[in-house]
Each structure stands twice: as C-alpha cells, then as structure tokens.
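Please open the model in your viewer, with the sequence panel beside it, and follow the stops below in order. Each stop says what to select and then what is there.

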Amino acid sequence: MLTRVRKFPKSKEKALGVQPKIEEPEAAGSNILATIPESGSQSSDDSFNQKPVLQLITHDTTPNSPFSYGWPIGLFSYEDDESPTSPVGPEDISPNIRALQYYPFREHIRKSYHGVSKMHVGSVALEPMHALPFEPSLRNAQLLHFFLQRLAPFMSSIDGNDPPPAFNEKWLPFMIQSPIAGYIAILTSSYFQATARQIEWNKSVDVMGARVKLITLINSYLTAHQSALNDEAISTVMSLAYNELVYADERSTLAHMNGLAEMIRTRGGLQSIEFRTLREMLTRTDYQIAFTFECDLFLDKTLNKPVPTLESYPIELDNPLIKSNIRFVESAEELNISIEAARVLDDMRFLTASVLHFQENGDSEVEIAKLMTTVHWIHEQLVSPATHDPNMANDFMYQTCRTAGIIYSTAILTRTPLSRACTAQLLHQLWMTMWRVPLAHWKKLPGLFLWVILVVNSYARNRPEARFLKGLMPPAVVTMNLLDWDATMATLDGFLAVQKWLAGMSRIFIVPSRHSPKPASPEGGLPEWAIKEVE
C-alpha cells in the first residue's frame, strides 16, 4: 500500500559569487557563507534516548599529558624526507589496534608540526570553550562555531534545513562533549575550509594539526581503557574514516576502516553497539566506503544477504534499487515527476530486479541472453535522439534520470563496474542537470536522489565532483532512514548486490590513490547551494 509524499518545508537557496583564493594562515578566519554536507546518520525514534555511557577522559594539566591545554603537537619526529603518507607498517592496521596503538601513517606524528604556537585566548566570546574538552584557542573556537553553524545541519538534512530535533538534542551533545570525538568537529571544519580555499589538505596547518591531535587522543584512550572500547572511540574512528574519504588520502580511509573493523570485532560485533544511532551510522559508513571503492563491506561480514521484495513503503523512498511490483508511472503524480521520467525509472527497476534474480539464483546463459536483448533495447531508447521529445529539454528531473539510466544500463549491458561504464562526458551531463533540481525537491525524493548519486559515485571518486557526491550521500540515507529502515536497507543491499554482479568473478579491487587530487572546482561549476567564499 502506498503512502503519500510527506510535505517538507521549502528552503531558500542562495547563489553567491565564487572568488576562490588562498589565504595565508587559515587561522586568519573564514568568510565562508554556505557549505556542503558532512557525515552523520540519525534516527527519529526513541533510540536517541539510549545515549551511551561515556568514559570521558578528563583534562590533565601535567606537561606530558596529551590532554593538557599546553601540550605541543608532534612530540615524536621522523626524518624530513619521509613521505607524509608512507605507512609505518602494513596497510592493515588491525595489529596496531590489538596492541592498543593507532599510528596508521607517519604524517600523524611529524616534527614539522612540533611546537605550533597557539593564539592568545582573551576574548569573552571564547569563555564557553573552557567548558568543553578543547584547547581554548581562538582558532578552535572559530572552527567549532563554523562546524555547528554551517556543517552540522547537513549531517542529517539534504538541504541543511530542519534537521531532526533529536540530532541537535542528542547526537551533537554526545559528539561535542567528548574529549575525543569532539575533535572531529575541528578536523571537519579544517578540511572543509582548506578545500574552499583550494589549499591541499597536507599543506594545511589546521588540518595536519587536528589530525595529529585526534590520532594522539585515540592512542591515549586505547592505552587508558584496555578493557573496553566505548562508543566514543568507535564513533571517532568512524568519523575519521569518513573525513579521509571525502577530503584526503584514500589509503588512510581503508587503514582506518580496517582498524575500526578490529575495534568492533573486539567489542563483540555490530550487534554489541547498543546506541542505535551510532550502529546505523556505522552501517551507513560501511556501505558508503564499499560503494565508493566497489569492494566488500568492512564491518558487516554477512554473506549473500537476500534482498526482499517490498510490498509497501513510503512512496517518497521509491527508487530503481528497491524490488517491488509498484510502478513509477502509477505514482508519478505523487512523486511530482513526469511520466517520461517515470518510464525511465521503471526500466531501471526492471534491470535491477533481473540482476538480483541472477545474483541470487545463478547465471543462466539463456536467461542472460534474453536479458541482454532487453537491456540493449532499453539502452538504445535512452541514447537515441529520435526518441527524445524536444519539450523535455527543461525537465531536469527527466534529464537526470535519463543520464543516470544510460550509465546504469551501460554497466549492465557490458557487465562492467559502474566506475568503468561511466565517462567524463556522462558525468558532466548529469552534473549539469541534477543541480538544476532544487535540493528542497530532492529532499522529498531521497531514494531517487541516492540512486542518482550511487550511479556516478565510484567513477567520480577521484574527481572534484566527488566531495559533493560523497558529502550528500549520508544525509540522503538519513532522510530515508527516518521514514523506513527496511526500505533503506533494501536500497543499500540492492545496490551492493548489483555492484557485485557487475564485476562478476573477475572482481579486481581498485587500488586507491595515495594522494587525493588537488582541490579544484568541477568542470561544470559549483551548484548554487554549494560553498561560496567572499571577501
């Protein structure tokens, strides 16, 4: 049974002029007025009330304590000629976790950051910092304020408006009041502002200083709490992995995920995480990283999970990855999409259902041949100019679905990963249409929005567009999860199954780059809602 589309409040979208430039020290402040989303996932149910009991590490004023306000960054040093991303040991840092150490890469403890001076704190406006587990510096106050005002709203809302009340009331206090997880806010703002100024992350004093501090805090926690790994430490490493995925070195992402997997295994598995919101965030992060690298999940090792056929779910969650007998053409009016867009989506659902059938029941040469005949016909309908109605040129939802459909059908027709089926031209084509659809409208269709992002996510992962796509995936999942957890998981598991089938038996893991590309704007320009920096 279909449920009607929820009415979300409309938002105002501001278009600000773009004037990218490199500031001298980042501590000079920021005039960034808008932002793209950052990580997080939350639920609207009473699970927020199950706030975990934190084993908080108190500040120590002794000179040797890493929690001291006067503790200098980088007490350990290595040779100057060592690469910032050269690993101390093997890529898998699980043994380091077992040994209660968390030094996956040497850039976390480099002597070039030793003795970074702190700005004098004397402003009345900074007094609240003394009540939080942060070094009360002017720069930390600026970064924390920027995170709370600009970044945090996008952790749970596609357009940054009207985040779930429980997010502000439960999750943010849990995060900000933690002496470990709280520094994720500082690091996230540092990454974001460096990228906005087109400063490479490994040349940013703010970013490298926050990374050093955060890794040291994790090490200190592991040493002090040998008998238990609480939600606080696990959420910190999870958020660290996500930040690395969006902004920094991809190999660091995988190192942190291996460490996180070992921490959760030591804890007793995902089912041991009683704080439901954190457990859902871990699940979302696990799937996102698997989707980006086209690899297996790190945290959930359940093999060959069946994807159920859903008989009913909130109609706004509908997308081509859900196995369902519901047709888009029958709900087009409720979804506020054209019949032409609905037909494309119905074709894509048929392709998904066919792939899932083969994934679950094995490949039959005869059935595969029949499918490929149908896929070829669908693909030709999408790419042939003769089938296009000129009146649909300004139907940007249709154009977005059509382009995503071309990429999706190409991957299935050639049985190649989406990262290879997509092209720069198709990504540019989709980029130029998907942002003509307002975020407020995408927010009403989070399932469809997520499908569009997933189709190009793996191809774009090393391109300037990636941080926008990676940043918007979490709030899309959150928005879906607030409405129906089963439909959300059916979508994620459906895409994971399709992704595995596309690679076949010759799956080759895509070796991540050691360095991320230099910060740059996408060739198609920035969306109107995106970061804008002014004088």
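Helices here (H or I, at least four residues) and strands (E, at least two) are DSSP runs, numbered from the N terminus. This is a predicted model, in which local features need pLDDT of at least 70 and side-chain atom pairs count only at pLDDT 80 or more, whereas totals for chains, interfaces and linings use all residues. Residues are numbered from 1 along each chain as its sequence is written, and side-chain values use heavy atoms, with hydrogens and water left out.

**The whole chain**

Begin with a cartoon of the protein chain, which has 18 helices and 0 strands. Of its 535 residues, 59% count as buried, where buried means under 20% relative accessible area, exposed means over 50%, and partly exposed lies in between (1.4 Å probe, protein chains only). Taking a contact as heavy atoms within 4.5 Å, residues 24 or more positions apart account for 78% of the contacts in the protein chain with a separation of 6 or more.

**Helix 10 and V344**

Now select residues 339–361, which form helix 10, and find V344 within that helix. V344 counts as buried because its relative accessibility is 6%. Leaving aside residues up to four places away in sequence, V344 touches L382, Y398, C401 and R402.

**Helix 10 against helix 18**

Axes are lines fitted to C-alpha atoms, for helices over the stretch in contact, and angles run from 0 to 180 degrees between N-to-C directions. Angles under 35 degrees count as roughly parallel, over 145 as roughly antiparallel, 65 to 115 as roughly perpendicular and the rest as oblique. Helix 10 and helix 18 are therefore roughly perpendicular to each other.

To see the contact itself, show the side chains of T352, V355, L356, F358 and Q359 in helix 10, which meet G494, A497, V498, K500 and W501 in helix 18. The residues of this contact divide into 6 nonpolar, 3 polar and 1 charged, with Ala, Val, Leu, Ile, Met, Phe, Trp, Tyr, Cys and Pro counted as nonpolar, Asp, Glu, Lys and Arg as charged, and the others, Gly among them, as polar.

**Helix 17, helix 18 and T491**

Next, select helix 17, residues 466–483, whose axis comes within 6 Å of that of helix 18 and crosses it at roughly 140°. That angle makes helix 17 oblique to helix 18. Here V477, M480, N481 and L483 in helix 17 meet W485, A487, T488, T491 and L492 in helix 18, and the residues of the contact divide into 6 nonpolar, 3 polar and no charged.

Is T491 buried or exposed? T491 is buried, with a relative accessible area of 0%, and, not counting residues up to four places away in sequence, it touches N319, L321, I322, L450 and M480.

Move to helix 6 and helix 7 (residues 250–267), whose axes come within 8 Å and cross at roughly 160°. That makes helix 6 roughly antiparallel to helix 7. The residues of the contact of helix 6 with helix 7 divide into 11 nonpolar, 3 polar and 3 charged.

Then select N230, in the loop between helix 5 and helix 6 (231–247). N230 is buried, with a relative accessible area of 6%, and its C-alpha atom is separated by 8.2 Å from that of R267, 37 residues apart along the chain.

**Two loop residues with positive phi**

Most residues other than glycine have a negative phi. Select Q198, in the loop between helix 4 (182–196) and helix 5 (205–224); although Q198 is not a glycine, it has a positive phi of about 60°. Q198 is partly exposed, with a relative accessible area of 31%. N336, in the loop between helix 9 (328–335) and helix 10, also has a positive phi of about 60° without being a glycine, and at 55% relative accessibility N336 counts as exposed.
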